[in-house]
Amino acid sequence: MRFEGKHILVGISGGIAAYKTAGMVSHLRQLGAEVRCIMTAHATKLISPITFGELSGYPVATGMFDGITNFDIRHIALASWADIFVIAPATANIIGKIASGIADDMLSTTAIATTSPILLIPAMNTHMYENVVVQENLKKLKDRGYLLVEPEIGHLACNVTGKGRFPSEDKIFTTIDQVLNGKSRLQGKRVLITAGGTKEKIDPVRYIGNRSSGKMGYAIAQAAIREKGLVHIISCNPHLKVPVGASVEYVETAEELKQAIDLQYMNYDVVIMAAAVADYKPVKSALQKIKKEELNKLSLALESTSDILLNLGQKKQHQFLVGFAAETTNVIENGKKKLIRKNLDMLIANDVSGTNSGFDVDNNKATILLQNGSMYTYPCMKKEKLGDIIIEHLIENI
C-alpha cells in the first residue's frame, strides 16, 4: 500500500506504547505520507519530541500556542490539514477526554476541531481497557463515527498477559488504507482468490511445479480488502504474509486446489484464479524418497491435471470469473483465445518472457482483456499497483 500525497496527523498520548508509534510514523513516511505529530505532556516524559520531529520531518506540536508565527492557530491549522487523525497510543485518559468533549491540551483540542476521520489505537493495561468506563467511552466514540483498531492480546509492559497490546502496523495501515484510498465499492461482495503455484509430488522430497510465488494474488487481495470486499485466499504458498482482513487456507496440489474451490465456488460473487496450476502430475508418486542411483534410470510417467478454470467457466452462474495466462510469446493472441474458450469475464495476460516481471519477482507486465472486447495494456510495474488496477477494472464491470 502507498500513501503518496496523504496528510496523516498522528497524536501520541502518554502510554508506554508510544515507542511503537515512533516506528509507525517512520514507516508511514516511507510509504509516501506527509506526517505531522502532536504529543501530550505525559507522552513527552516517555519519548522525546525530537524523535518524532526527526522521523516525521516536522516540528512536533506539544503546547496549544507553540511556535505561532502568524494568526493560523496551531490546533485549527493541523485539524484542517489532516486527511486522517490517528491517535496512537490512545490511552484511557485521552479516550475519556474526547468522549466527554474536554479540550484542555493540544491533542484533545485538535481532536475536537478535526472534521476528517479520527482513528483510535487503544493500548493500555488489560484491566484498564476492560474497565466499564473505558468501554462505555469507546462505544460513545464508535457510535459518533470514530474508527478503532482493537488492541491485541499478548504480553504487556506491565508484565501481565491480556488484551491491551498495541496492534500490528499491518492492521493499522490496512484501516488507514481503507479510509484514505478505498471507496467501499466491494462492500458485501464475497471474493475468492487463488495464489501461488501448485506442487505435484514425485516423491516425499521432489515435485513438479512452477516459479509462481503467489505475490500477484496477494496484491489483488489487498486491493479488494481496501474496497471492503470479503476476501478468502486459497494459497499454495504458506510463507507469504496474509493481508489483514483476509481469511486463508492452504493447499499444495492441483487436485487439492480443485476440491477447495469446488466446495466454495457457488458462495462467491467474484472468483480470481491467480494461482499457476501445474499442467501435469506424475501418474504415481513414490511413497519413499527415490535414491540417487535410481534417478539415473528414472522414467517419469505424467498425466494431465484437471483444467480447473475451464470447469469453473462451464458451471459459472452469477460469478464474475477472472483468469490469468502466463505467456512468453503471442501474449495477447493466446490470452484472447483463453478468455473465450474458458468463458471468463476478465483475463490478465502476463508477459513472463523477461527476468524483471512475472513469476517470483515483485513486478508484473500485463494486458487486461474483458469479455466485451476491451483491452488495456500496462507497462511493467509493482504487483501492488497492478493489483489496484485489476480491481478497478473488475469494479467497473461487475
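**View 1. Lys97 in helix α5.** Lys97 sits in helix α5, residues 92–100, of this predicted model. Helices (H or I, at least four residues) and strands (E, at least two) are DSSP runs, numbered from the N terminus. Lys97 is buried, at a relative accessible area of 14%. Buried means under 20% relative accessible area, exposed over 50%, and partly exposed in between (1.4 Å probe, protein chains only). The side chains of Lys97 and Asp105 form a polar contact of 3.4 Å. A polar contact pairs N or O atoms within 3.5 Å; within protein, one must be able to donate a hydrogen and the other to accept it, and residues adjacent in sequence count only if both atoms are side-chain atoms. Beyond four places in sequence, Lys97 touches Ile102, Asp104, Asp105 and Ser108. Contact means heavy atoms within 4.5 Å. From the C-alpha atom of Lys97 to that of Leu369 is 54 Å, with the two residues 272 apart along the chain.

**View 2. The loop with Cys158.** Cys158 lies between β6 (152–155) and β7 (161–165). An unreviewed UniProt entry lists Cys158 under "active site". UniProt positions follow the numbering used here, feature names are shortened, and annotations may be inferred rather than shown by experiment. Cys158 is partly exposed, with a relative accessible area of 39%.

**View 3. The loop with Asn237.** Asn237 lies between β11 (230–235) and β12 (247–250). Asn237 counts as buried because its relative accessible area is 16%. Its side chain reaches the backbone nitrogen of His239 at 2.9 Å. Setting aside neighbours within four places in sequence, Asn237 contacts Ser213, Tyr218 and Tyr250.

View 4. The largest nonpolar core holds 35 residues. Such a core is a set of buried Ala, Val, Leu, Ile, Met, Phe, Trp, Tyr and Cys residues joined through side-chain atoms within 4.5 Å. Val231, Ile272, Met346 and Ile390 have the most contacts inside the largest core. Helix α10 (residues 215–226) gives this core its largest share, eight residues. A separate core has 31 residues, among them Met39, Phe52, Ile84 and Leu180.

**Notes to all views.** Residues are numbered from 1 along each chain as its sequence is written, and side-chain values use heavy atoms, with hydrogens and water left out. In this predicted model, local features need pLDDT of at least 70 and side-chain atom pairs count only at pLDDT 80 or more, while totals for chains, interfaces and linings use all residues.
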